[in-house]
Amino acid sequence: YMGTSACFGRQTIEGLTESIIVKAAKNGGLLFLDEMDNASPEILVALNGLGDKSGRLYNSVTGETIKIHDNFRLVAAGNTNGLGATSAYTARQRQDLAALTRFAMIKMDYCEDLERSIWASFGQAEESLQKLQNARKELRAKKATQEISTRHIERVGKVMQSLGWSFEKACEVSFTSSWPAELSKQVYLA
């Protein structure tokens with residue numbers, strides 16, 4: 001939801017305030033654009049220089065052409081590969097092909113080892129975690145729009161630990177209450 005001034009900086013009474021994007025491009029470092037497919041397509045087009053072979057980025061706020069530092073890296077994450085809204089990700093924007101071709105698309109899935117580590121921190125039986133991970137696989141096999149994310153798993157563990165609720169009740173308040181009742185049963189969570 002940011003405008004180009006947030007991308008490139010803005011003039012204030014004290015002078016120019018550079019953005020994080022400009023600082024990273026000038027000084028090097030890793031810039032992570034989270035939820036990129038939720039950005040305005042115009043913003044990503046304005047940032048195209050970050051992914052160009054030219055090694056330069058035009059700052060429309062200052063009129064400056066920035067030489068991109070050799071140690072600058074750009075990584076972005078999204079849920080739809082920039083293809084626009086789906087039934088699960090309704091607020092996503094279809095991104096311009098000129099922006100998308102500047103990225104290598106790598107499909108990533110949830111890390112079950114990380115989820116085991118998170119789950120262990122709540123002191124819950126691993127069989128409950130296995131039920132969640134198996135339910136995720138069942139949802140995918142059914143091509144359901146519902147998902148069980150690492151965030152859901154963490155929330156279930158927190159609810160069970162902090163409130164002492166059962167696994168089923170924790171799942172219900174954490175995510176399954178918004179599902180069709182029969183789906184929870186079909187994936188063995190109700």
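This is a predicted model: local features need pLDDT of at least 70, side-chain atom pairs count only at pLDDT 80 or more; totals for chains, interfaces and linings use all residues.
**Figure 1. Which parts of the fold line the largest pocket?** H7 gives the most, with 4 residues.

**Figure 2. A look into the middle of the largest pocket.** The volume of this pocket comes to about 1900 Å³. Its lining counts 43 residues, and those nearest the centre are Gly 78, Asn 79, Tyr 89, Met 108 and Tyr 110. What sort of residues make up the lining, by class? There are 21 nonpolar ones, along with 11 polar and 11 charged.

**Figure 3. The cavity.** Rolling a probe the size of a water molecule over the atoms shows where empty space is left. How many cavities of 30 Å³ or more does the structure hold? The count is 1, and the largest cavity has a volume of about 60 Å³. Look for Leu 33, Leu 44, Leu 47 and Leu 74 in its lining. Asn 48, Gly 51, Ala 99, Arg 102 and Phe 103 are also part of the lining. Sorted by class, the lining of the largest cavity has 6 nonpolar residues, 2 polar and 1 charged.

**Figure 4. Helices H6 and H8 packing against each other.** Here you can see H6 together with helix H8, which covers residues 167-174. Their axes are 11 Å apart, and the two helices pack at an angle of about 40°. That angle makes H6 oblique to H8. As for handedness, the crossing of H6 and H8 is right-handed.

**Figure 5. Helices H5 and H7 together.** This view pairs H7 with helix H5, made up of residues 112-120. The two axes come within 9 Å and cross at roughly 15°.

Figure 6. You'll find Tyr 188 in the segment after helix H9 (181-186). Is Tyr 188 buried or exposed? Its relative accessibility is 61%, and the cut-off for exposed is over 50%, so Tyr 188 counts as exposed. Now pick out Leu 114 as well: Tyr 188 and Leu 114 are 74 residues apart along the chain, and their C-alpha atoms are separated by 23 Å.

Conventions:
Residues are numbered from 1 along each chain as its sequence is written. Side-chain values use heavy atoms; hydrogens and water are left out. On a 1 Å grid over the protein atoms alone, a cavity is a set of points where a 1.4 Å probe fits but cannot get out, and a pocket is an open set with protein on both sides within 12 Å along at least five of seven lines; lining residues have an atom within 4 Å of a point. Grid points are joined across faces, edges and corners, and a volume is the space filled by probe spheres set on the points. Ala, Val, Leu, Ile, Met, Phe, Trp, Tyr, Cys and Pro count as nonpolar, Asp, Glu, Lys and Arg as charged, and the others, Gly among them, as polar. Buried means under 20% relative accessible area, exposed over 50%, partly exposed in between (1.4 Å probe, protein chains only). Axes are lines fitted to C-alpha atoms, for helices over the stretch in contact, and angles run from 0 to 180 degrees between N-to-C directions. Angles under 35 degrees count as roughly parallel, over 145 as roughly antiparallel, 65 to 115 as roughly perpendicular and the rest as oblique. A crossing is left-handed if the near helix is turned anticlockwise from the far one by less than a right angle, and right-handed if clockwise.
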